[in-house]
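Welcome! Take a moment to look over the chain below, and then we can walk through it together.

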Amino acid sequence: MARETIDRREKLLKLREELLAAEEDFLQGRFYTVDEVAEKMRQAIKQTAPSSPKDQ
């Protein structure tokens, strides 16, 4: 398999794991507010986005 294919598969498996964990939390009654979700999304974007010149 090509390296890109392996990387993509690993990312998809990680996402699946995270989605299953979120579903388990939901089924156990653990919820997040809109503000909590927005903050988590901001953090995820900061972690994955390439740095821009203004960030340096």
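**A walk along the chain**

Arg 30 is partly exposed, because its relative accessible area is 42%; on this scale, buried means under 20% relative accessible area, exposed over 50%, and partly exposed in between, with a 1.4 Å probe and protein chains only. What you see is a predicted model, in which local features need pLDDT of at least 70, side-chain atom pairs count only at pLDDT 80 or more, and totals for chains, interfaces and linings use all residues. Residues are numbered from 1 along each chain as its sequence is written, and side-chain values use heavy atoms, with hydrogens and water left out.

Which residue does Arg 30 meet in a salt bridge? The partner is Asp 25, with 3.2 Å from N to O. A salt bridge here is a side-chain nitrogen of Lys or Arg within 4 Å of a carboxyl oxygen of Asp or Glu. Asp 25 has a relative accessible area of 18%, so this residue counts as buried.

Now let us turn to the helices. Helices are DSSP runs (H or I, at least four residues), numbered from the N terminus. Helix H1 covers residues 3-27. H1 has 25 residues and reaches 36 Å from its first C-alpha to its last, close to the 36 Å expected at 1.5 Å a residue; the expected span is 1.5 Å times one less than the number of residues. Just after H1 comes Gly 29, which takes a positive phi of about 90°.

Leu 12 counts as partly exposed because its relative accessibility is 45%. Together with Leu 15 and Leu 19, Leu 12 forms a nonpolar patch on the surface, with about 280 Å² of accessible area in total. Such areas come from the Shrake-Rupley method with a 1.4 Å probe, and for residues only the protein chains shown count as cover. Patches are made of residues with over 30% relative accessible area and no salt bridge; like charges are joined within 9 Å, and nonpolar side chains (Val, Leu, Ile, Met, Phe, Trp, Tyr) within 5 Å.

How many salt bridges does the structure hold? There are four, including the one between Asp 25 and Arg 30. Another joins Glu 18 to Lys 14, where the closest N and O atoms are 2.7 Å apart. Both residues lie in H1, four residues apart, about one turn of the helix. Glu 18 is partly exposed because its relative accessibility is 43%, whereas Lys 14, at 53%, is exposed.

Helix H2 spans residues 34-48, and in it Glu 39 and Arg 42 lie three residues apart, again about one turn of the helix. Their side chains meet in a salt bridge of 3.3 Å, N to O. Glu 39 is partly exposed at 35% relative accessibility, and Arg 42 is partly exposed at 48%.

Finally, look at the rings. A search of the whole structure finds one aromatic pair. Phe 26 and Phe 31 form this edge-to-face pair, 5.3 Å centre to centre, with 90° between the planes. Rings of Phe, Tyr and Trp (its six-membered ring) pair if their centres lie within 6.5 Å; planes under 30 degrees apart count as stacked, over 60 as edge-to-face and the rest as tilted. Phe 26 is partly exposed at 49%, while Phe 31 is exposed at 57%.

Technical notes. Helix = DSSP H or I, 4+ residues; strand = E, 2+ residues; numbered from the N terminus.
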